[in-house]
Amino acid sequence: MDWRLIVPGETGWEAVDWTEAREVRLRPGQGAAVTLGDRIWQGEYRLSPRDVLQAAQALTGYALAARQEELSRGFVPLAGGHRLGICGVMGPKGFREITSLCVRLAHEIKDAGKDVFPLLQGCSALIIGPPGAGKTTLLRDVIRLLSLHGTQVGVADERGEIAGCRDGIPQLDVGPNTDVITGMDKAKALLLLIRAMAPQVVATDEIGGPEDAAAILEASRCGVRVIATAHGKNVWEVRRRQGMEALFQQGAFQKTVVLTAPGSPPVIREAEP
């Protein structure tokens, strides 16, 4: 992603350490803001509404109007597993004004899961953490390691952030024995993977509703292990959501992995019923 082409008015992009960057925010009247760990780099060039609109066009492959259905949900999956979030003024045919963009940057960190992986062998696990803590990065690497060790993995990649498929090929490494469904509701995709691909493990990101919980329970009843992530500061916050308590009561997960912040060591525990 070449930000010099997306926002050509800003001349300071070379000062950004993109290995640390987690997100880029663009707002009219403000300089571009890049979140780098616990600090923010702020560009000096003041963006105009036209700059922000043109950036949105460039990020979506100059097909912004054709992606209104995705935009109505507030985000658009981008190539490479990145995600574009958008805010603005809605009109009858979609956004008629854009007030801010947020690009969540996917990071592929090989061996991010090497310490967790041995402890998750043969069990289902839920990875928990707040936004930006590294849940998807950890999930992706656990999938890769499972696949490298000969496990057949099915990935329900609803928003394209896990595998980042383009032209049918994952742009992010999820291993050689992994099948991916992108763009389908994760609950439906999980069940389709089980019926069609006979995986030993299914994986998905950001579960949180009764439909997701029902699909995971069905996978468990079929003898398929599940590795998933969920937003939350701790296990009890996740369990309070509708449908989620049943997953723990019925033993759908044997382990929980809690991340508290980017780079924090994961806390792995047995899942309590």
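Strand E7 (residues 125-129) pairs with E13 in the parallel sense over five bridges, where two strands count as paired if DSSP finds at least two bridges between them. Strands (E, at least two residues) and helices (H or I, at least four) are DSSP runs, numbered from the N terminus. The structure is a predicted model, in which local features need pLDDT of at least 70 and side-chain atom pairs count only at pLDDT 80 or more, while totals for chains, interfaces and linings use all residues. Residues are numbered from 1 along each chain as its sequence is written, and side-chain values use heavy atoms, with hydrogens and water left out.

Strand E13 itself spans residues 225-231 and is mostly covered, with five of its seven residues buried; buried means under 20% relative accessible area, exposed over 50%, and partly exposed in between (1.4 Å probe, protein chains only). E13 also pairs with E12 in the parallel sense, over four bridges, and here Arg225 in E13 stands opposite Val201. Together with helix H7 (residues 210-221), E12 and E13 make a right-handed β-α-β unit. Right-handed here says that, with the strands pointing away from the viewer, the path from the first strand over the helix to the second runs clockwise.

Next comes strand E8. E12 (residues 201-204) is joined to E8 by four bridges, and the two run parallel; Val201 of E12 is the bridge partner of Val153. E8 pairs in the parallel sense with strand E11 (residues 178-182) as well, over five bridges, and Gly154 stands opposite Asp179 of E11. In E8 (residues 153-157), five of five residues are buried. In a regular strand the side chains alternate between the two faces of the sheet. Both faces of E8 are covered, with Val153, Val155 and Asp157 buried on one side and Gly154 and Ala156 on the other.

Turning to the aromatic rings, five aromatic pairs are counted. Rings of Phe, Tyr and Trp (its six-membered ring) pair if their centres lie within 6.5 Å, and planes under 30 degrees apart count as stacked, over 60 as edge-to-face and the rest as tilted. Trp3 and Trp18 are stacked because their ring centres are 6.3 Å apart and their planes at 5°. Trp3 lies in helix H1 (residues 3-6) and Trp18 in the loop between H1 and strand E1 (21-26), so this pair ties together parts that are 15 residues apart in sequence. Trp3 is buried at 3% relative accessibility, whereas Trp18 is partly exposed at 29%. Trp18 also forms a tilted pair with Trp13, at 6.0 Å centre to centre and 35° between the planes. Trp13 is buried, at 4%. Ring pairs link Trp3, Trp13, Trp18 and Trp41 into a cluster.
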